[in-house]
Amino acid sequence: MRKLELVFKTSDEKLKTLSINYANGDLSAEAVTKAMEEISKLKMFDRDGIDPYATPIAAQYRKTEIDKLFDTRGE
């Protein structure tokens, strides 16, 4: 499974990661940067006076590989 991870700096200088499970796998850096900037401009996720998505910092795809040993759910 691939996840898109968006890393932001909060308004109190900490890092916050927003993970999206079913993101398009062909997004360009420019498209993701623009989307992150738009999320930041919304300022709609304020928690106790802290904006968790204040400044876009990084974006990356994270791939998780699963090696099943057994699975009886389908039986």
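1. Is Lys9 buried, partly exposed or exposed? Lys9 counts as partly exposed, because its relative accessibility is 28%, and a residue must be under 20% to be buried and over 50% to be exposed. The model discussed in these points is a predicted one.

2. The strands come next. Strand E1 covers residues 2–9 and pairs with E3 in the antiparallel sense, over eight bridges. In this pairing Val7 is placed opposite Ala58 of E3. E1 also pairs with strand E2, residues 15–20, again in the antiparallel sense and over six bridges. Here Leu6 of the pairing stands opposite Leu18 in E2.

3. E1 and E2 make up a hairpin, with five residues between them. Glu13 is in the turn of this hairpin, that is, in the loop between E1 and E2. The phi angle of Glu13 is positive, about 70°, although Glu13 is not a glycine. With a relative accessible area of 57%, Glu13 is exposed.

4. The side chain of Glu13 also meets that of Lys9 in a salt bridge, at 3.6 Å from N to O. A second salt bridge joins the side chains of Lys14 and Asp12, with 4.0 Å from N to O. Asp12 counts as partly exposed, at 32% relative accessibility. As background, side chains of opposite charge can pair when their charged atoms come close.

5. How many salt bridges does the count come to? The count is six. One of them is between Arg73 and Asp71, whose closest N and O atoms are 2.6 Å apart. Arg73 is exposed, at 71% relative accessibility, whereas Asp71, at 30%, is partly exposed. Salt bridges with shared partners join Lys68, Asp71 and Arg73 into one network.

6. The aromatic pairs number two. Phe8 and Tyr53 form an edge-to-face pair, 5.0 Å from centre to centre and with 75° between the planes. Phe8 belongs to strand E1 and Tyr53 to the loop between H1 and E3, so this pair ties together parts that are 45 residues apart in sequence.

7. Phe45 is partly exposed, with a relative accessible area of 35%. Through these ring pairs, Phe8, Phe45 and Tyr53 are linked into a cluster.

8. Leu42 lies in helix H1 and counts as exposed, because its relative accessibility is 51% and the limit for exposed is over 50%.

9. Where does Arg47 lie? Arg47 is in the loop between helix H1, residues 29–42, and strand E3, residues 55–63. At 64% relative accessibility, Arg47 counts as exposed. From Arg47 to Lys34 is 13 residues in sequence and 23 Å in space, taken from C-alpha to C-alpha.

10. Asp48 is found in the loop between H1 and E3 as well. Phi of Asp48 is near 55°, which is a positive value in a residue other than glycine. Asp48 is exposed, with a relative accessible area of 80%.

11. A last point concerns a charge and a ring. Arg2 lies over the face of Tyr61, at 4.1 Å from the ring centre.

How values were computed: Residues numbered from 1 in each chain as written. Heavy atoms only, no water. Helix = DSSP H or I, 4+ residues; strand = E, 2+ residues; numbered from the N terminus. Buried < 20%, exposed > 50% of the residue type's maximum accessible area, 1.4 Å probe, protein only. Pairing = 2+ DSSP bridges. Phe/Tyr/Trp six-rings, centres within 6.5 Å; stacked < 30°, edge-to-face > 60°. Lys NZ or Arg CZ within 6 Å of the ring centre and 35° of its normal.
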